[in-house]
Structure formats: structure tokens, C-alpha cells
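Look at the fold first, then read on.

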Amino acid sequence: MFYQPHNLQEALELRGRLKNGALVINGGTDVLVAMNHGTLRPRSFLDLSHIEDFNVIERDNGWIRMGAGTTFAQLGRLDIKCLREAALSMGGTQIRNVGTIGGNLVSASPAGDGCVALLALDAEVEVASAARGPRRLKLNDDWFLAYRETALADDELVTRVRVRADMSTAWYKIGKRGAVNISVVCCAVGRSPDERYRLAFGSVAFRPMRAAQAEQLLDGQALPDALIDRAAESVMKEVSPIDDHRAGAAYRRAMCGVLTRRLLCGLQE
Ligand SMILES: Cc1cc2nc3c(=O)[nH]c(=O)nc-3n(C[C@H](O)[C@H](O)[C@H](O)COP(=O)(O)OP(=O)(O)OC[C@H]3O[C@@H](n4cnc5c(N)ncnc54)[C@H](O)[C@@H]3O)c2cc1C
């Protein structure tokens, strides 16, 4: 069966009734790859791509709220540097036109570029179920449970994500090939007006992560070179990369230090 609700309430009711009996799909850019590999063999789908207003971006009281169906093409037009640049670094045009921020969050890949940019923005994920209504989860603290596992319940959908609108940010991704540019390492940095820092990394742990100890070193400080160096040293200790076919762990660790220095210096410009 192919369920294609046109509004959120209908989608939540279907999700509550079908639970994991129907595979949720939006852009399908992760789902179809898994189906092609044979790791997913769904009998039914719950397609969210026709839900009205599921891709709306709104500004409200210091926050920017994005519907879960917001595509990376849309994010590539935002005035939030790290999110815009992360979005534009993803896949090719076709992938960006259909791949969504909700799908990126639920896939929870350690290399998820959207997740890394959102971590630097102190994002909160809004989920909802027909039975219990909405709830809001802090992306860094509450969302990622294990490798590619999130706090989303089997009767819930991601409905929105919200980020602070007032942060200065920077982004860089080290990858290999244009349209299949899965990161070797990516980094997003955010600084709030009260000088609190967020240092987020992809492809260097079992989940997209923040370097909490380095953030503590920086919080409330101006950024002399010596402090940036200490933060970079701390980041290199906090990450736990692995060797794989894309890069070695030692290279990834070293690049985390390089990107920390580069992006923190970039914030000052
Ligand atoms: C060629 C190619 C290049 C890529 N390049 C990149 C890249 O550079 N960086 C990167 O981070 N990713 C990349 N990806 C991965 C992918 O495009 C992203 O993860 C994308 O954000 C997934 O969104 P989607 O809407 O297509 O998700 P789908 O494939 O539709 O779904 C992904 C997962 O999320 C669930 N889901 C989707 N929406 C919801 C929702 N609202 N509520 C609950 N569950 C939901 C689905 O059940 C599924 O488990 C690439 C993929 C391809 C095929």
C-alpha cells in the first residue's frame, strides 16, 4: 500500500495506526538507496511529500522554524551561513531538490551534513504523534541515541526543526567527489551574541557530535590565537573517528583541529 496524506493530522493518524508497518518516506534519497541495496524491503509506504505546508520556513520571536519537509535546495537559499553552505554541499541538484531536513535528522548518519549544521545552531527537533500531541527535543542532548538511532517513537513523525536566528556561523566540509560528496570530516561553528560557542563535527563519531570541552574553553572569551589552539587540541581529543575507505582516523582527527582553527578564525572576520 502507498499512503499519501495531504495534511499533517491525517499523516499522524496513519502513522499511529500503521507504526513501522509502513515505511515513512519523504524525498526518498536515503530510503531508495537502502531499498536498492536490499537492506530495506518495505511492503507499505507512508509518503509525506504531499503534506500541505510541510516545507514552510517561518521566522518567529528570534527563532527560525523549518517544516520537516524543507528541502536542501530551500535551505541553500537561507541567510544562515552554516546551514546554507551545508545544504549546498549536499549531493547534486536533484538530491537537494527532494532530500529533506526531516529525512536527514531521522537517518541520523554520522556524516549527516544537515545534522552537523543544526548542532551548531542549537537546534530543537519537534515531533508529534496523534495520541500524545507534539513534543520538542534538543538535538544535541536528546535526539541521537545510538548509531543511526534516534528518540523518535514508532507512532511519531518529525514535524519541524527550529534554530536560533541570531548566531554567527561558519561551515566547512572535506569530501571527495561533487555529487556524492559524503564528508570525510565536516565542521560547523556557531557563536551566540553572548559569546557562547558551538563546535559541531560530522564523520568523526558514531553520531554527529559537539565538542563540549572545547566549547567550555571558549565560552565568554575573545578568541586570541593561543585559545583557538587550545580549543583545537581539545577537539582532537574529544572526537573518536574510525579508519574506513574514505579516510584514516588519524587524518580525520588532524583535520578536526585544522577546521576548528579555520572556522573560529573565520568567525572573527
Ligand atoms: C547521491 C546522494 C548524495 C547524498 N549526499 C549527501 C550529502 O552530501 N550529505 C548528507 O548529509 N546526505 C547526503 N545524502 C543522503 C540524503 O540525501 C539525506 O540524508 C537526506 O536529508 C534524506 O532526506 P529524504 O527526505 O530524502 O529522506 P528519506 O529517504 O525519505 O527518509 C530518510 C529516513 O527518514 C525517515 N523520515 C523522513 N522524513 C521523516 C519525518 N518527517 N518523520 C519521520 N521520519 C521521517 C524515513 O523513514 C527514513 O528512515 C545523499 C544521498 C544520495 C542518494
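## Helix packing, fold and ligand shell

Helices α4 and α7 are roughly antiparallel to each other, because angles over 145 degrees count as such and theirs is about 175°. Their axes lie 9 Å apart. Helix α4 covers residues 81–88, and helix α7 covers residues 113–120. On the α4 side, C82, L83 and A86 make the contact. On the α7 side, D113, G114, V116, A117 and A120 take part. By class, the residues of this contact are six nonpolar, one polar and one charged.

The model is predicted. Its chain holds 11 helices and 14 strands. The radius of gyration is 18 Å, which agrees with the value near 18 Å for a compact globule of 269 residues. The C-alpha trace spans about 60 × 45 × 30 Å along its principal axes. Buried residues make up 44% of the chain. Among contacts with a separation of 6 or more, 63% join residues 24 or more positions apart.

Now the ligand. The shell around the ligand counts 33 residues, and G27, G102, G103, N104 and V106 come nearest. Two or more shell residues come from each of β2, α2, α5, α6, α7 and β10. Helix α6 gives the most, with five residues.

The table sets out the shell by residue class.

| Class in the ligand shell | Residues |
|---|---|
| Nonpolar | 17 residues |
| Polar | 14 residues |

Note on methods:
Residues numbered from 1 in each chain as written. Predicted model: local features only at pLDDT ≥ 70, side-chain atom pairs only at ≥ 80, totals over all residues. Helix = DSSP H or I, 4+ residues; strand = E, 2+ residues; numbered from the N terminus. Rg over C-alpha atoms; globule rule 2.2 N^0.38 Å. Buried ≥ 20, exposed ≤ 12 C-beta atoms within 10 Å, placed from the backbone. Contact = placed C-beta atoms within 7 Å. Axes fitted to C-alpha atoms, helices over the stretch in contact; angles between N-to-C directions. Parallel < 35°, antiparallel > 145°, perpendicular 65-115°, else oblique. Nonpolar A, V, L, I, M, F, W, Y, C, P; charged D, E, K, R; others polar. Near = placed C-beta within 6 Å.
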